Amino acid sequence: MKTITIKISGMHCAACSNGVERSLKKVPGVDRAEVNLATQSALVRYDENQATIEQLEEAVTRMSFGVVHDAPGEESTAEQRAEQDALDLKKRLKVAAFFFVPLLYLAMAPMIPGKFLPVPIDPDQMSDVYAFVQLLLTLPILYAGGPFFKNGIISLKNGVPSMDTLVALGTGAAFIYSSYSTYEVLAKINPHAVHSLYFESAGAILTFVLCGKFLELRAKGEAGHAISSLLNLAPKTGFIWKDGEEVEIPREAILTGDIVIVHPGNQIPVDGVITDGHASIDESMLTGESMPVGKSVGENVFAATVVTDGYLRFKAEKVGKDTMLSQIMQMVEAAQGSKAPIAKTADKIAAVFVPVVLVIALVAGLSWWFAGAGSKFAMQVFVAVLVIACPCALGLATPAAIMVAVGKGAEKGVLFKNAEALETAHNVTMAVFDKTG
């Protein structure tokens, strides 16, 4: 059995992560699959004789989500991926907000009693212009919210409706209804239809959901700060012996077999074995021991530890993702991506939440329509139920809390093996430390 972590992009809610998890579990040979919304990753344990990485990635892309492949020599973290997604969302939010403000003013100004606000276009006197301008202002907002429609429709097609499905159906229904009303106004079929426009409702929903997603991704990036903090423990550069002289190169450029030189007060850039010299090394970031440890020829040294006294030459043996520091980082990220028992309970609820909401919205809208309230009011009820019920926090609250807790623990030198150990820790009544603790 082999265990790998697949980095995923595009998941927005618990229904998204549940859909990917179910798709991965259907691949023959998969023993376990846990998809974490907060870290945007999947932890998969599978039989290499029955399944391949390509099949696992295909199971993810089949659900309309992307697989993140890091460039050679680079290792992206959940924090970095959240920052990249946040940048894209920020651009979309700016576009949506830019057009939503005039749209809201145009739609609401005529409804303010007492004429406190100047009315740019009178809906009764210039109904065709009023409706057409609102339509034009709404189109860029729909473009900004395009990912909601794309992901929502595909997830519905795959049988795993998500939060995006609710947003897409709610705003889509409001836009289509308003577009038909605009047609009635422009064609002089029913000028009074100008009072049945809900463009600003569709614009408001998309703009505010984009804003919420942006803030959520920023919070994810800050929650995953522990990974980058660990990465920053290692020096950016190191000295190697090349062509009879010391040469300073980036840490990532140091290769296995290089002779690395470390002077007093400097950090060790990679793991290796001492070939020449003697030094006192502060290894507290690994062991917790505050007193420097004496090291000489033949002994191991580790990245990010500090040479407090002496001079060393050592042969690089583990670089990049193979160093002890990188393994600690991988352990922390795996712990952040694992699921606690309480998170699995929330996922089970979220799995049926969206389909139930869709049924309730449909029943509520049709009930009012059959009761004689009219199609306009029935549509309002349908849209309101869909949008209000978006279960964003349901699948994100527990993973985000685990992500923060594991990250803060790592910053303080406490490593949790997985989320289950973290949840179980509340039963601990006594902690016993050795002298280094």
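Contact here means heavy atoms within 4.5 Å. The model is predicted, so to speak of local features a pLDDT of at least 70 is needed, side-chain atom pairs count only at pLDDT 80 or more, and totals for chains, interfaces and linings use all residues. Residues are numbered from 1 along each chain as its sequence is written, and side-chain values use heavy atoms, with hydrogens and water left out.

Leaving aside neighbours within four places in sequence, Glu283 is in contact with Gly288, Glu289, Val293, Lys295, Phe302 and Thr305. This residue sits in the loop between strand 8 (271-282) and helix 9 (284-287); helices (H or I, at least four residues) and strands (E, at least two) are DSSP runs, numbered from the N terminus. Glu283 counts as buried because its relative accessibility is 7%, where buried means under 20% relative accessible area, exposed over 50%, and partly exposed in between (1.4 Å probe, protein chains only). The side chains of Glu283 and Lys295 make a polar contact at 3.3 Å. Such a contact is a pair of N or O atoms within 3.5 Å; within protein, one must be able to donate a hydrogen and the other to accept it, and residues adjacent in sequence count only if both atoms are side-chain atoms.

Turning to the strands, strand 3 (residues 41-46) is mostly covered, with five of its six residues buried. Strand 3 pairs in the antiparallel sense with strand 1 (residues 2-9) over six bridges, and Arg45 in strand 3 is the bridge partner of Thr3. Strand 2 (residues 30-36) also pairs with strand 3 in the antiparallel sense, over six bridges, and here Val35 stands opposite Ala42. Two strands pair if DSSP finds at least two bridges between them.

Helix 12 (residues 375-388) includes Ser375, which is partly exposed because its relative accessible area is 43%. Leaving aside neighbours within four places in sequence, Ser375 is in contact with Tyr177 and Trp369. Ser375 and Gly365 are ten residues apart in sequence, with 8.5 Å in space from C-alpha to C-alpha.

Finally, there is the surface. Helix 4 (residues 127-144) supplies the largest share of the nonpolar patch, three residues. Leu136 is found in helix 4 and counts as partly exposed, because its relative accessibility is 43%.
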